[in-house]
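This report describes how the parts of one protein chain are arranged. Please examine the sequence and the structure before reading on.

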Amino acid sequence: MSKVSIVAKLTAAEGKHEELEAALASLIEAANSEAGLEVYAVSADTKDPDTYWFFELYTDAAALEVHGKGDEMKAAMGALGGLLGGRPEVHVARPVAAKGLDL
């Protein structure tokens with residue numbers, strides 16, 4: 001089975017980037033409860049304070065399939081409501097090479 005990665009772009013609703021950052025920290029904490037989720041990281045864009053980038057790495061497609069279905073993650077994702085300026089832009093990929101990650 002091959003691993004699956006995701007790169008996602010989230011944009012804060014106007015005036016909500018600080019609240020969104022706090023909610024994203026809770027989301028990262030909730031990710032600890034997901035088996036098969038190896039990397040779940042979010043970074044703030046240095047040129048646009050309303051833009052955030054996620055990098056996610058899953059052991060396989062089955063792990064991605066169950067992502068977000070546990071109670072902790074559902075609650076954390078629910079907290080994002082009203083803080084986003086639109087739907088996240090999500091790209092699913094097949095990781096090829098990386099330093100520091102076992103692919």
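## A partly exposed tryptophan

Trp-53 has a relative accessibility of 34% and therefore counts as partly exposed, because that class lies between the limit for buried, under 20%, and the limit for exposed, over 50%. The model that gives this value is a predicted one. Trp-53 is located in strand β3, where it is the bridge partner of Lys-9.

Trp-53 also belongs to a nonpolar patch on the surface, which it forms with Val-7 and Phe-55. Together, these three residues have about 230 Å² of accessible area.

## The sheet as a whole

In what order do the four strands of the open sheet lie? The order is β2-β3-β1-β4, and the pairing is antiparallel. Strands of a sheet pair through backbone hydrogen bonds, and this pairing may be either parallel or antiparallel.

The edges of the sheet are formed by β2, which covers residues 37–44, and by β4, which covers residues 89–93. Each of these edge strands pairs on one side only. From one strand to the next, the twist averages 15°.

## Strand pairs, one by one

Strand β2 pairs with β3, residues 51–58, in the antiparallel sense over seven bridges. These two strands form a hairpin, with six residues between them. Within this pair, Ala-41 stands opposite Phe-55 of β3, and Val-42 stands opposite Phe-54 of β3.

Strand β3 is joined in turn to β1, with antiparallel pairing over eight bridges. On its β3 side, the bridge between Lys-9 and Trp-53 returns the reader to the tryptophan with which this report began.

How many bridges link β1 and β4? There are five, and the two strands again run in the antiparallel sense. Ile-6 stands opposite Val-92, a residue of β4.

## The helix across the sheet

Helix α1 comprises residues 17–31. Which strands does helix α1 lie across? The helix lies across β1 (residues 4–11), β2 and β3. Relative to β2, helix α1 runs at about 170°.

Technical notes. Residues numbered from 1 in each chain as written. Predicted model: local features only at pLDDT ≥ 70, side-chain atom pairs only at ≥ 80, totals over all residues. Heavy atoms only, no water. Pairing = 2+ DSSP bridges. Axes fitted to C-alpha atoms, helices over the stretch in contact; angles between N-to-C directions. Contact = heavy atoms within 4.5 Å. Patch = residues over 30% accessible without salt bridge, like charges linked within 9 Å, V, L, I, M, F, W, Y side chains within 5 Å. Areas by Shrake-Rupley, 256 points an atom, 1.4 Å probe, with all protein chains shown as cover. Salt bridge = Lys/Arg side-chain N within 4 Å of Asp/Glu carboxyl O. Buried < 20%, exposed > 50% of the residue type's maximum accessible area, 1.4 Å probe, protein only.
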